[in-house]
Amino acid sequence: MGISKLDNQPFLTTLVHGSPIPMMIVDQEGILNFCNPAALELFGYREDELVNQPIEQLIPKNMAHRHQQHRKEYIAKPSLRKMASGLELTAMCKDGHEFPVEVTLNPVSIEDHTYVFCTVIDLSLILQAKKILTTSDQELEATIKQRTRELYESEQRYHILYDQSPDMYVSVCPKTAMIIQSNMTTVHRLGYKDKSEIIGMNLLDMYHTNSQEKAKKAFLTFSEAGEIRNEELSLQHKDGSTIPVMLSANSIRDAKGKIIYSISCWRDISDKIALEKEKKSRIDAEHNLTENKLSKKVIELNLINHGTQLIIASKNFEEALQACLGFICTTLHWPIGHVYVPDKKSKNLIPSGIWHIEDSEKSEQFKTITNQFCFEMGVGLPGRVWESHCPDWIEDIYKDDNFPRAKVCKDLAVHGAVGFPVIAYEKVVAVLELFSYDTQPIDDELLKTFHVLGTQLGSVFERKQIEDKLEKLAHFDLVTALPNRGYFLNMLDRALSNAKRQDTELAVLFLDLNGFKNINDSLGHDFGDQLLRHVADRLSHAIRNSDFIGRLGGDEFIVLAENLSTELTGANIANRLIKAMEQPFLINGRQLNISVSIGIAQYPTGGDEANELIQHADLAMYQAKSSGQANYHYYTEQLNTQAIRRIEMEQRLRNAIAENNLYLVYQPQIDLRNDNIYGVEVLLRWNDPQFGEVSPEEFIPIAESSGIIHNIGQWVITHSLNELNRLKNHLPHFDNKKISINCSVLQLQDHKFYQFVEEVLKEAGIHPDNITFEITESVLMKDIELANDLLLKYRKLGLRFSVDDFGTGYSSMNYLKQLPISVLKIDKIFISQIDSQNSDKHIAKAMVQLAHALNMEVVAEGIETEMQKNTLRAMSCDFGQGFYFAKGLGYDEFKTYLEKNHNPSKVN
């Protein structure tokens with residue numbers, strides 16, 4: 001039974017498909033029946049690469065056997081079939097990278113089949129957050145780690161702000177109003193023991209009877225508008241009591257704008273209502289007093305209540321400081337207020353730009369002098385507060401010997417002063433000071449009030465620090481500090497909205513580093529990370545200030561360029577980026593050259609949606625890479641058509657062997673010296689029901705890039721040697737003929753392929769020296785050292801190698817001397833005009849002479865006329881093949897050809 005049966009469960013479908021949490025479903029055989037989009041993104045697979053594959057594909061090899069045993073026990077023993085939460089394991093993504101995860105398992109029984117429902121949480125983010133925090137001093141590091149641990153000590157540890165929030169949160173299916181997730185705050189506040197008691201309930205049943213009608217209207221409003229803001233309702237506690245709340249709700253949508261689920265936030269406003277009652281009581285009391293006879297307690301309460309509200313409502317720490325300072329000065333009628341902050345460089349308190357001045361003209365001199373003062377610890381009012389971590393009060397400045405600004409205060413007739421610290425992470429992060437025109441007797445209760453406000457401000461500072469760290473983790477790449485994919489998509493969405501509204505053009509440039517993988521693999525990931533940082537810095541300086549650059553991951557970068565014109569196009573920017581990479585990079589004393597291939601998709605011609613533009617730019621980048629390094633290419637509709645055809649062709653090619661759509665043909669190779677049959681080249685052909693006859697030039701690159709080449713290569717060798725053995729048994733004169741088989745370097749690099757060839761040669765009955773692997777010249781030239789190592793390895797098995805299409809690549813005497821090559825095959829482009837008096841004739845002759853000088857045999861491809869054959873014979877070319885002798889023949893045709901031409905006099 002497949003996952004389609006599970007799709008009939010509406011709750012499970014909503015939860016699994018819509019969840020941002022990676023989720024998978026595994027059957028009792030350990031086969032992945034389903035992976036949601038979040039799981040595919042986490043492990044780096046496409047759905048067709050992962051679904052219907054063993055779960056062990058996602059587990060490091062050294063752990064796979066142990067996991068397989070555990071899974072079998074889990075299925076076999078019903079006592080173990082309970083939800084396992086918080087399992088910390090190691091997982092492996094497609095590129096082989098291992099990373100820590102936390103796994104939760106839950107068995108699901110459907111129609112007598114047991115499935116395991118898995119959620120996977122990537123713990124790398126937490127580890128990265130901890131790594132970033134180590135850059136600060138030890139006390140800051142310890143406190144941030146403690147705060148981070150507090151945020152992540154939830155049951156599932158996958159939603160920091162969601163599960164640790166002091167507010168109640170539930171995730172709701174918008175169609176059924178069913179609760180599909182809840183944070184622990186909701187569980188505790190409503191008197192439940194576990195989330196499972198809440199999940200599955202109808203949202204409207206959570207409200208108290210006195211709010212039912214209002215809740216229904218709010219739900220209808222949400223269904224139409226997609227959000228609710230500040231709706232006051234009452235929830236029902238499990239014991240039947242009411243909890244007043246402020247409701248806000250938002251919808252979570254997919255890329256097409258469809259609502260996947262909604263998140264409702266209930267803020268407990270019990271304290272607010274109590275405060276409002278307190279406020280009403282205070283107002284009633286104030287009516288009985290004159291404005292000049294307000295009680296001191298009311299003032300202090302007003303400072304704490306309203307001051308705290310102002311602090312909490314502030315967007316950032318600086319805004320909170322300004323709001324608090326202004327409110328205190330206004331409430332106490334103190335005319336001057338100022339804020340100092342510690343300076344890490346000078347290790348002094350320095351004046352900030354945060355002021356409250358009642359009479360700016362009168363106080364200008366005081367402000368000017370204050371801005372010139374920096375206080376050491378213990379010096380002056382700010383210095384004493386900094387040193388003591390406590391509020392400090394001066395009744396009369398003129399009587400304080402430790403007040404450097406006494407003279408300017410005297411000129412202003414300022415007497416009283418007070419200062420209090422803002423403490424965060426047990427450190428003073430700011431000092432607020434206030435001044436009064438009157439002498440002010442010390443007020444211990446007011447000092448306590450200042451202490452409360454300083455604590456509240458410190459909490460804002462701590463919260464802002466953590467938010468900034470989390471914001472950086474969520475939106476920026478940790479290696480290069482560039483915006484990540486999510487942040488870039490947000491910026492691109494905004495830019496597209498502007499471009500559509502203003503009728504302007506923009507371009508997305510997809511950049512891929514050429515050769516980075518070799519550097520990363522050979523010199524290590526730390527070295528690779530340093531190179532990426534240097535590349536990011538250079539690319540950032542190459543673009544305009546208005547352009548936006550991000551890193552998608554690996555060696556891929558992306559640039560957004562807005563407001564393009566006929567004078568400034570995507571090509572102009574691409575050329576600047578390519579030029580910026582021309583100079584070598586110097587890292588750890590090592591000089592490296594690296595270039596970029598760039599794909600460009602320009603709005604509106606290249607797409608009008610963010611993901612579409614990125615996808616099209618990616619397609620264009622691959623076209624640029626195939627056209628040569630340090631190059632760029634624009635997206636065209638033809639590229640999209642080719643990409644779709646390539647995807648469809650890859651799917652068809654995967655089944656080509658099983659469906660018997662692959663077949664072999666054999667083209668004779670003739671000894672030009674005596675017209676005897678020298679050997680045969682095995683040629684692979686593909687006749688697909690959908691695409692018809694597909695050229696090897698088209699499907700072989702697809703097979704190589706997708707990995708299918710390994711299975712196809714083994715099939716070609718096994719099938720061809722079996723058929724040629726049959727020929728040898730029927731036609732003894734065919735024995736000891738040379739057999740040429742085309743081979744990919746990707747196959748040679750695979751250790752399993754080496755073992756396969758070794759076994760085949762033992763069983764083939766054909767001497768290894770009669771088997772020649774043909775490798776294209778351009779492939780060999782990419783990495784001569786690697787090619788030499790591979791060819792020597794296989795040469796030890798007795799195999800020979802030939803260079804196919806010789807002359808079409810970057811021919812070099814150096815690689816011909818280095819590599820263990822036995823045969824050169826002259827490409828047919830030099831043969832077609834060889835019988836005329838052009839340069840091809842001289843080139844072909846030079847190739848023959850060069851090969852013979854290096855003790856190599858020469859095969860000429862594409863011989864179509866007797867004159868061509870005779871010309872090559874006169875050049876002393878050893879062997880030839882082409883339509884003049886025979887085209888590629890099927891097995892039976894080739895057998896007939898051999899029977900007919902076993903006597904050399906009958907050739908042709």
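I take two strands to pair if DSSP finds at least two bridges between them, and helices (H or I, at least four residues) and strands (E, at least two) are DSSP runs, numbered from the N terminus. The entries below concern a predicted model, in which local features need pLDDT of at least 70 and side-chain atom pairs count only at pLDDT 80 or more, while totals for chains, interfaces and linings use all residues. Residues are numbered from 1 along each chain as its sequence is written, and side-chain values use heavy atoms, with hydrogens and water left out.

**Entry 1: strands E1 and E5**

I looked up the partner of strand E1 (residues 23–27) and found that E1 and E5 pair in the antiparallel sense over five bridges. Within this pairing, Met 24 has Cys 118 of E5 opposite it. For burial I use relative accessible area: buried means under 20%, exposed over 50%, and partly exposed in between (1.4 Å probe, protein chains only). Strand E5 (residues 113–122) is mostly covered, with eight of its ten residues buried.

**Entry 2: cysteines**

With a disulfide taken as a pair of cysteine sulfur atoms within 2.5 Å, I count zero disulfides. Cys 35 is buried, at 3% relative accessibility. Cys 329 is likewise in no disulfide, the nearest cysteine sulfur being that of Cys 324, 9.4 Å away; Cys 329 counts as buried at 1% relative accessibility.

**Entry 3: the five-stranded sheet**

I traced an open sheet of five strands in the order E7-E6-E10-E9-E8, with antiparallel pairing. Its edge strands are E7 (179–182) and E8, each of which pairs on one side only. For angles, axes are lines fitted to C-alpha atoms, for helices over the stretch in contact, and the angles run from 0 to 180 degrees between N-to-C directions. Neighbouring strands of this sheet are turned by 30 degrees against each other on average, direction ignored. At one end of the order, strand E6 (residues 168–172) and E7 pair in the antiparallel sense over three bridges, and Ser 171 stands opposite Gln 181 in E7. Contact here means heavy atoms within 4.5 Å. Helix H10 (residues 212–225) packs on the sheet, where it touches E8, strand E9 (242–253) and strand E10 (259–268), and the direction of H10 makes about 155 degrees with that of E8.

**Entry 4: salt bridges**

I count a salt bridge where a side-chain nitrogen of Lys or Arg is within 4 Å of a carboxyl oxygen of Asp or Glu, and by this rule there are 31 salt bridges. One of them joins Lys 272 and Glu 232, with the closest N and O atoms 3.6 Å apart. This pair links distant parts of the chain, since Lys 272 is in helix H11 (residues 270–286) and Glu 232 in strand E8 (residues 227–236), 40 residues apart. Lys 272 is partly exposed at 33% relative accessibility, and Glu 232 is partly exposed with a relative accessible area of 39%.

Are Arg 384 and Asp 392 buried or exposed? Both are buried, and they form a salt bridge whose closest N and O atoms are 2.8 Å apart.

**Entry 5: helix H15**

The buried residues of H15 include Leu 381, Val 385 and Trp 386. What covers them includes strand E11 (336–343), strand E12 (348–357), strand E13 (392–394), strand E14 (416–424) and strand E15 (427–436). Just after H15, His 389 takes a positive phi of about 60 degrees.

**Entry 6: nonpolar cores**

I define a nonpolar core as a set of buried Ala, Val, Leu, Ile, Met, Phe, Trp, Tyr and Cys residues joined through side-chain atoms within 4.5 Å. Which residues touch the most other members of the largest nonpolar core? They are Leu 748, Phe 773 and Phe 894, out of 82 residues in that core. Helix H25 (residues 709–730) gives the largest share of this core, eight residues. Apart from this core lies another, of 34 residues, among them Leu 482, Leu 513, Leu 539 and Ile 573.
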